[in-house]
Amino acid sequence: MISLEEARSRAAGHSAELPGGKIVVIVPDATRSGTDYVGAIVKGIYDQVAPRATSFTVLIALGTHAAMPEEKIYATFGFTPEEHKQSFPKLEWANHEWRDADKLTKVGHFTREDMLRISGNRFDLADVRHPDGFAIEVNYRVPDADAVV
């Protein structure tokens with residue numbers, strides 16, 4: 001297992017390739033393993049990108065879980081409110097609001113035929129009440145970003 005400093009260093013090394021502008025970094029919520037390193041990775045990316053970023057949003061991928069309150073966000077990702085304000089002023093934490101249709105943007109459509117082809121005819125969307133397929137929707141911040149990590 002790598003150290004937190006190594007995780008931060010590796011993230012910083014790859015961040016040089018990112019453009020400026022609106023940056024969205026998608027991270028897992030507190031129910032997933034590996035969140036010990038997410039804060040270090042976010043800090044490493046921020047260190048490299050913030051000078052040229054107009055905004056830097058960390059979007060918490062909740063799946064269908066409840067939103068994380070600010071205290072839980074700080075505890076999970078190893079930030080303090082003071083550190084956030086002083087060292088990461090452009091960083092905005094955002095819970096993915098998956099239940100709010102106004103916060104989603106349709107980016108495509110997945111058809112029954114798509115699923116049959118991808119699954120080798122083993123999974124039929126008609127079996128799960130989606131005979132016409134379903135919309136592919138993402139948080140509105142994602143298509144609006146200049147870079148998504």
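Where does Asn121 lie? In this predicted model, in which residues are numbered from 1 along each chain as its sequence is written, local features need pLDDT of at least 70, side-chain atom pairs count only at pLDDT 80 or more, and totals for chains, interfaces and linings use all residues. Side-chain values use heavy atoms, with hydrogens and water left out.

Asn121 lies in the loop between helix H5 (112-118) and strand E5 (134-139), where helices (H or I, at least four residues) and strands (E, at least two) are DSSP runs numbered from the N terminus. Asn121 is exposed, with a relative accessible area of 60%; in these terms, buried means under 20% relative accessible area, exposed over 50%, and partly exposed in between, for a 1.4 Å probe and protein chains only. Although Asn121 is not a glycine, it has a positive phi of about 65°. Most residues other than glycine have a negative phi.

Helix H3 itself spans residues 70-77, and its buried residues are Ile73, Tyr74, Thr76 and Phe77. The cover over these buried residues includes strand E1 (21-28), helix H2 (35-49), strand E2 (53-61), helix H4 (81-87) and strand E3 (91-95), contact being defined as heavy atoms within 4.5 Å.

The structure holds six salt bridges, each being a side-chain nitrogen of Lys or Arg within 4 Å of a carboxyl oxygen of Asp or Glu. Side chains of opposite charge can pair when their charged atoms come close. One of the salt bridges is formed by Glu92 with Arg141, with the closest N and O atoms 3.8 Å apart. Glu92 lies in strand E3 and Arg141 in helix H6 (residues 141-144), so the pair ties together parts that are 49 residues apart in sequence.

Thr57 is found in strand E2 and, at 6% relative accessibility, is buried. When residues up to four places away in sequence are not counted, Thr57 touches Ile23, Val24, Val25, Glu92, Ala94 and Arg141, and this list includes both partners of the salt bridge between Glu92 and Arg141.

A further salt bridge joins Arg117 and Asp114, whose side chains meet at 3.3 Å, N to O. Being three residues apart in helix H5, Arg117 and Asp114 are separated by about one helical turn, and Arg117 is exposed at 60% relative accessibility. Glu97 and Lys103 form another salt bridge, with the closest N and O atoms 3.8 Å apart; Glu97 is partly exposed at 32% relative accessibility, as is Lys103 at 24%.

On the surface, Val107, Phe134 and Ile136 form a nonpolar patch with about 230 Å² of accessible area together. Of these residues, Phe134 lies in strand E5 and is partly exposed, with a relative accessible area of 32%. Patches are made of residues with over 30% relative accessible area and no salt bridge, like charges being joined within 9 Å and nonpolar side chains (Val, Leu, Ile, Met, Phe, Trp, Tyr) within 5 Å. Accessible areas come from the Shrake-Rupley method with a 1.4 Å probe, and for residues only the protein chains shown count as cover.
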